[in-house]
Amino acid sequence: MLRQYELVDRVLTYDPQADEAMLNRAYVFSVNAHGTQKRASGDPYFSHPIEVAGILTDLRLDDETIATAILHDTVEDTVATPEEIERLFGANVARLVDGVTKLSKIEAQTESQRAAENLRKFLLAMSDDIRVLLVKLADRLHNMRTLHFISKPEKRRRIAKETMDIYAPLAERIGMYEFMKEMQTLAFRQLEPEAYESITKRLTALEDEGHRIEKIGETVHTLLTRAGIEAEVGGRQKHPYSIWKKMSERHVSLEQLSDIMAFRAIVATEEECYRALGVIHRKWPMVPGRFKDYISTPKRNGYRSLHTSVFIGENTRIEIQIRTHAMHAQAEYGIAAHWAYKADAVRPDTQVSWVRDLVEILEAAESPEELLEHTRMAMYADRIFAFSPKGELIQLPKGATPIDFAYAVHTDLGDQAVGAKINGRVVPLRTEITNGDSVQILRSKGQMPQPNWLSFAITGKARAAIRRHLRHKERDERLALGRKLYDDILQRLPVAVGADAVKAAIRRLKLTDMDALLEAIALRKLSDAEVMEALMPGSAGGEDAHQAPPQRHAITITGLTPGVAFDLAECCRPVPGDRIVGIRREGEGIVVHDIACPQIGEDGDWVDLAWGDTAEGGIARIAVTLKNEPGALGAVATVIGAHKANILGLRMDDRDTTFHTNAIEVEVRNAAHLTKLLAALRAADAVSDAQRA
């Protein structure tokens, strides 16, 4: 553990203007506050915050950040208060400490809720000051270094998984690759101990086989020197987790991996980066598809470098990274390089714009599980580059679609997307974008996010925005349906009721407002009889009555969306024009059936429904028996198309030597349209029978 004077001297070495007195006060305060507390290793607890501060001095961070590191556990684990921290160390340090402090005292029902609450507060604090993230990453790194002292295996695995899912990707997103690699290696050791042990032993054996890395590094250095390029060349084996990930993705053994060695050439200028690349490619053949120019198109975290892989022997493939000293500093320290090298203040628009995406996800998430899912999506994915029509570079995870691209540009563009052009060709929104594609989003002001978008949107930002819109739409339509049901209840009362009676009924039912009443009616949390009794006691036949007066008028579902305000029963697939009835069960809303459907259950309220005069469009399932001859199915498709119906799905249910029966889902306008279509199909020579299924 660093002693007090050692820690302070470290800071003063790179920042002579640092507040020495504040650092000394913080050290003494932390030691006294933690007192006799012990860590799992048996060391005094205060050794942990001191070591965290030591890690941050290697990044040459400012005195407020170092003080925050020293104090970061005092509010959570001791009797110290935020007010005390602010009085002794100032508002900035108090704000940073509060940002790092976990909400350990929140009563959450599940572990995921607790983790999500901690992450929620952390992301908000991080969006205000990125130094919160730097302290948290150093805190997590030291905890991972001492994780083996924790006796419970399940706790070690939980912490390791959280590190792999959240903190290592966060470190990568701000360019702190050394932090990321060490955290991944330590987490991998806990999550896959056998794989870690096997890979580590094999790497050690390879190191002993003639010092290949040293020899190859000298060869690269000599090559560049002869070309007049002064370069610092270093080499290393890739870390175990990186190798294991490649083995898993490519389904190969370690012996089959040919690029487990990586070399770095650091040169003086950007021009020499490209000169060095040319020298290397003239000497050794490049591995196709393995060249990346992050100088002309930097990563979103500011990382800049040239990456190439070359064959230097019959079965030896190596990766070489070429960069300047400034690029190397950015690669090592990431966003912390702005403090370490006294660069300009951090530029949020270019360095941490992704933080805004995380905060947007935070605001859109409804449940803890959703927050964790979307945050992991936003942070933990391989990246590709795509371009807008104006040449703006958009970074996306591998497998992203135009809908992800649209939401990455702007939420409104995503909401209004109706299609896309990739490299000038019109494509569906579910099309996967590849590296270097030019993407143009086609939009319409009348468009709204669709539920099926969730099946192919893969970014956390897109999925959060779609789900938020669908939740709002669902609630609006639920209230509209509840209003229709409520109006019908009012019509069944003996006399009209006034506003005061409605307010009294809401209080009697222990609800907050009118919207809560409408939602409870739509979801059948309240029966019609309960609502009538609350509005006008005795109107439903007294307190012991189970039946409300019968419904007088059918309730129209015009303007409501299937799958949102109500669900169309899969068993009978009603379409406009069919006589319908709604089954309302508690918590499920209304399921609409054809009145003749044999699968209508006895449980739940029956609600008399009507489509409304303007209702149009539905999906029906028909069974068509065809002659087993060439062209029969084509003839059926021709008839369906000629009648302006659309085939959405087709499945062969039965086949013999003479006939085969197909279940076809068709989109029709209404029941009359469907009847005409069935009559036309029966008249076709290739069709033996056609019925509604």
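Reply: Contact here means heavy atoms within 4.5 Å. The model is a predicted one. With that cut-off, helix α27 (residues 632–642) lies across β16, β17, β18 and β19, and runs at about 145° to β16. Helix α28 (residues 671–683) also packs on the sheet, where it touches β16, β18 and β19.

Me: What makes β16 and β18 a pair?

Reply: Two strands pair if at least two bridges are found between them. Strand β16 (residues 618–627) and strand β18 (residues 659–668) have 10 bridges, in the antiparallel sense, so they meet that condition. Within this pairing, R621 stands opposite E665 in β18.

Me: Why do β17 and β19 stand at the edges?

Reply: The open sheet has the order β17-β18-β16-β19. β17 (646–655) and β19 (687–692) each have a single partner strand, so one side of each lacks a neighbour in the sheet.

Me: How do you know that R692 and D578 form a salt bridge?

Reply: The definition asks for a side-chain nitrogen of Lys or Arg within 4 Å of a carboxyl oxygen of Asp or Glu. For R692 and D578 the N to O distance is 2.7 Å, therefore the pair qualifies.

Me: Why is D578 called buried, and what is R692 called?

Reply: Buried means under 20% relative accessible area. D578 has 11% relative accessibility, so it counts as buried. R692, at 28%, counts as partly exposed.

Key
Residues numbered from 1 in each chain as written. Predicted model: local features only at pLDDT ≥ 70, side-chain atom pairs only at ≥ 80, totals over all residues. Heavy atoms only, no water. Helix = DSSP H or I, 4+ residues; strand = E, 2+ residues; numbered from the N terminus. Axes fitted to C-alpha atoms, helices over the stretch in contact; angles between N-to-C directions. Buried < 20%, exposed > 50% of the residue type's maximum accessible area, 1.4 Å probe, protein only.
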